[in-house]
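Good morning, and thank you for joining.

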Amino acid sequence: MPPEADAASRGTSAQPYRHEQLGALLEVFSVWSSATFIRGLAVDAGVDLDATSIVAVTVLARDGEQRASALASRLRVGASAISKLSNRLTAHGLIEKRQDPDDSRATLVRLTPAGTAATTALTLACDAMMADLMRQWSDDDRDDFDRLLSRFRDDALAYAITVQAPTPEPTTDQKADQP
């Protein structure tokens, strides 16, 4: 059944993208960024955390120690949310906080050995998922996909820099959270 007919049967109106690739990417992003999917992979890997915590430890594993404010920015959350999240991850023994030696007002966060073990388990689960997804693909198809996806990533990230929206003014609640 064409997507438009399927959408019509559900009472929605599908606006197909001119580029099928965009529709396919959005469908995958929608599923893979959902808390249910992220938690499902993590629980299967033996990591029982909420989706935001999973993303946070993954960012720390990939990018290393950083200011709490930088992590908040990466996760697109405010100061109070990052404070609660870092306290929760500290209580789980996954991260540790320390004062930034370059700025005593700032806090640095980094993974503990337990945090590194959790992210290693997550990485192995994601690698297994990709291997399973591509199990039927030929070596040439995998090589083509790797090459094209890397090119797409580079071009998409370069393009994203040109369309960054200005940061909105803080709301009254956000202003109250600021020192």
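Predicted model: local features only at pLDDT ≥ 70, side-chain atom pairs only at ≥ 80, totals over all residues.

F145 is partly exposed, with a relative accessibility of 31%; buried means under 20% relative accessible area, exposed over 50%, and partly exposed in between, with a 1.4 Å probe and protein chains only. Residues are numbered from 1 along each chain as its sequence is written, and side-chain values use heavy atoms, with hydrogens and water left out.

How many aromatic pairs does a search of the whole structure find? The search finds two. Rings of Phe, Tyr and Trp (its six-membered ring) pair if their centres lie within 6.5 Å; planes under 30 degrees apart count as stacked, over 60 as edge-to-face and the rest as tilted.

W32 is partly exposed at 35%, and F37 is partly exposed at 22%. The rings of W137 and F145 have centres 5.3 Å apart and planes at 80 degrees, so that pair is edge-to-face. W137 is partly exposed, at 33% relative accessible area.

W32 also belongs to a nonpolar surface patch, whose members include Y17, F29 and L133 and which has about 720 Å² of accessible area together. Such a patch is made of residues with over 30% relative accessible area and no salt bridge, with like charges joined within 9 Å and nonpolar side chains (Val, Leu, Ile, Met, Phe, Trp, Tyr) within 5 Å. A salt bridge is a side-chain nitrogen of Lys or Arg within 4 Å of a carboxyl oxygen of Asp or Glu. Accessible areas come from the Shrake-Rupley method with a 1.4 Å probe; for residues, only the protein chains shown count as cover.
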